[in-house]
Amino acid sequence: MSYMDDTQNSAPGSLPASKAATGAATSKKVNENATKRLQNELMQMMTSPAPGISAFPSADGNLLFWRATIEGPEDTPYAGLNLKLSFEFPANYPYTPPTVLFITPIYHPNVDFSGRICLDILKDKWTPAYNTQTVLLSLQSLLGEPNNASPLNGEAAELWDKDPALFKTKVMDRHKDIEED
Amino acid sequence: MYEQDPAAQFVHQVSAGYSLPQTLPQYTFDETPLRLTDRRGRGGGYGGLGGPGVGGAAGRSLLYSPIFSTPASANAAGVGPASSAAGHFNFHTTSATSASALTSSVPATTHHRSSPPHFAIQKMEPNPEDLVAQEAAAREFQPQLEGPFVGEKTPSSAITSEYAKADPVYIQKTAVLPRTYSHYRPIQGDGNCGWRAIAFGYFETLVKGGNKGQIEAEKLRLEGLNSYIETIGGHSPYVYTDFVEETLLLLDRVAALAGDPEQAMREVYATFNDSEIGNAIMYHFRLLASSYLKGNQDTYGAFVTDEAGVQGYCSNVLERHQVEIDHLGVSLLVDVLLKPVGFVLEVAYLDRSPGSEVNSYRFPEEARDRHPSTLGPIIYLLFRPDHYDLLYVAEPEPIPEPVTVQVHRVAFSPTYDIASAPVSMPSYGINMGVLGMLPGFHGPPPGLAPTLLDTSPSPLSAYSPSPTSTWMTPPFAEPPQQAPPVSVAVQAAPVPMSLPIHTAPAVVPAAPLQTHPLRFSEYCQLPEYVENDTWREPSFQTSTFRNSHFNVAHYNNPNFQPEEYRPEAEDYEGPQRGNGKKRASV
């Protein structure tokens, strides 16, 4: 826990910053809290990584923007593909969910052509108990088990059951490895 | 915002068809003191989930969803103050008879007239598009949140005036509320209020206890519960440490300030009004409650009504930020947080259920039928449909003799009110009947009154229950000799209930000023009255009077003025609890 001991709240008896805080100081502080949490999550991703997923803050040093990678699970049309995502964390994270987008073009019933994802835990089912790792694990399982009842890509939802072979073709057609920027 | 709402247009459309008053939308959106909370996304026209925490959701949905006009939601809506207005028209009646009665009495358009029952069904069915739009609006609705997360301690008479124009049941209940609970502390209605209120109450009670050892023990206990959150709750330390840390840090700070409760309370107050830290502490408690549920499924599993089961209930309700606590959540939090440290939670339910006082309910169960003096510290909550605030009772003090109470009132009445304002006589009920038989009832000698009023604490013995011992008896004129024992009794008496003449200035500094010129008697105008500040309105306490419009605290009184309490006099306004009933029955 020592890595978090340098925050301003650690000193017993110290008054919270809010007492004298101006608006700017408050929002800075909010960022600090989100940042602190994200440092924890980064630590988790590095010390106890889950297979097939990885995530790291973007190169610019801003902890509120992350890049993540999901390896397409075996036995799914996405096997062998590397799918990249962007995470944008709000200032009051973890109380509101991050905005997650597929950067890699993907053909999937619950992802639209802009990469937007329809997943309940990223919307109204979000709880602060979720984190980057659980989100990535959920997305990984979504690849193999799409929710075809509420598709963003209607054609994909239809083909998933009707014509798996054509679905696989469409996946491969759409997929395009992107360069890390 | 509502005028552009397609749903509102729908109401217009319906009301035109029925030729209902055009003010219908106005009724529905009338400004209301109801606090809006519960921002859970699925807020729609559902109700009856059970548990006080969710019951109000349907009430809210009606206020903002006029098209959910099924009888079910109409019934469920009978919880908010505004629904008193909504209940006046029979818009929600779907029975064919009343619908056709409406149409026949109305110059409706011809194609409607041809088949009234059919018309009724057609018009009552909302357009699916309107429904979708309304649902979307309800989903995206964000209540206007004002004020701090946790407010300052406020005299609870503010609640009374808030409800002054609400349903009679609310008026009645809020009118007596300040007697039992002198103060309340508003909590922001952001959907976390129940959690926030209990969490704040927990820290406040620790601070009041002033026991450094207890606070440090609590820190150790909560630290020890981390493994519970991890193993039973199934949450990664990477998730919960941030939240737990804030709780422990605040406990540290409070423990360091254990000798200085005022400073410690400022610390707690500031911490809870820091959104991030306050939210973290609350979320820690949410995780505790959900872990406790997972660890005690045998006990609590049956109470989970969520179709997604215990796991789903935890992630959909307990662990979701800004989703309101429900009855099960309160039970869980009490069991895991308050019960081990010996704190008791009492919730006063202010709703439209029949009765003259708020119903209160105590957690944990075994504390229910016991006298407060045998229990540990009690945290009081006020529940209004969909919202929790903190309540405070004044510290209990010795209960005065009931005889004192009755005799004081009899003694005072003729001097003040009878001679000057006969119109309020009936309000005195039984007392007046007794007084009417007394000699000299109709005309107290003018010279007597000043003497009487200057004589603040009167000997109790002079007012034996015998109706023949009148206010004219000598002891009135010579109080000093017996003053000491009486002043004790006066101190013990709750100030708002005792009549002003017994309120010695030494006991209550800066007595509340209520200026109502119309109610002055000729005697009150005498200079010595004014100088002595003895002409103030008495606080009328018979239930008949209190509920009549002769009471200035009644909203129909032309001089309406809510009862006022001053925090600085709190110590003397105290023992309403348990005492109020006794007085009301006198």
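1. Let's start with a residue that has a label.

2. Where does A:Cys118 sit in chain A? Look for the loop that runs between strand S4 (99–102) and helix H2 (132–144) of chain A. Leaving aside residues up to four places away in sequence, A:Cys118 touches A:Asn110, A:Lys123, A:Leu142, A:Ser150 and A:Leu152.

3. Is A:Cys118 buried, exposed or partly exposed? Its relative accessibility is 29%. Buried means under 20% and exposed means over 50%, so A:Cys118 counts as partly exposed.

4. Now step back to the whole of chain A. Its secondary structure comes to four helices and four strands, and along the sequence these follow the pattern α-β-β-β-β-α-α-α. Chain A has 181 residues, and 45% of them count as buried. Among its contacts with a separation of 6 or more, 57% link residues 24 or more positions apart. Chain A exposes about 8800 Å², with carbon and sulfur atoms supplying 55% of that area.

5. For a closer look at one pairing, find strand S3 (residues 344–349) of chain B. S3 and S4 of chain B pair in the antiparallel sense over five bridges. Which residue in S4(B) is the bridge partner of B:Leu345? That partner is B:Phe363.

6. Finally, a friendly word about confidence. Chain B averages a pLDDT of 66, and 47% of its residues score at least 70. Over residues 398–430 of chain B the pLDDT stays under 50, and the model has 72 contacts beyond four places in sequence for them. Residues 443–525 of chain B also have a pLDDT below 50, with 148 contacts in the model beyond near neighbours in sequence. Where pLDDT is low, the predicted coordinates should not be read in detail. For the complex, the predictor gives an ipTM of 0.80 and a pTM of 0.58.

Notes
Residues numbered from 1 in each chain as written. Chains lettered and ligands numbered in written order. Predicted model: local features only at pLDDT ≥ 70, side-chain atom pairs only at ≥ 80, totals over all residues. Heavy atoms only, no water. Helix = DSSP H or I, 4+ residues; strand = E, 2+ residues; numbered from the N terminus. Buried < 20%, exposed > 50% of the residue type's maximum accessible area, 1.4 Å probe, protein only. Contact = heavy atoms within 4.5 Å. Pairing = 2+ DSSP bridges. pLDDT = per-residue confidence, 0-100. Areas by Shrake-Rupley, 256 points an atom, 1.4 Å probe, with all protein chains shown as cover.
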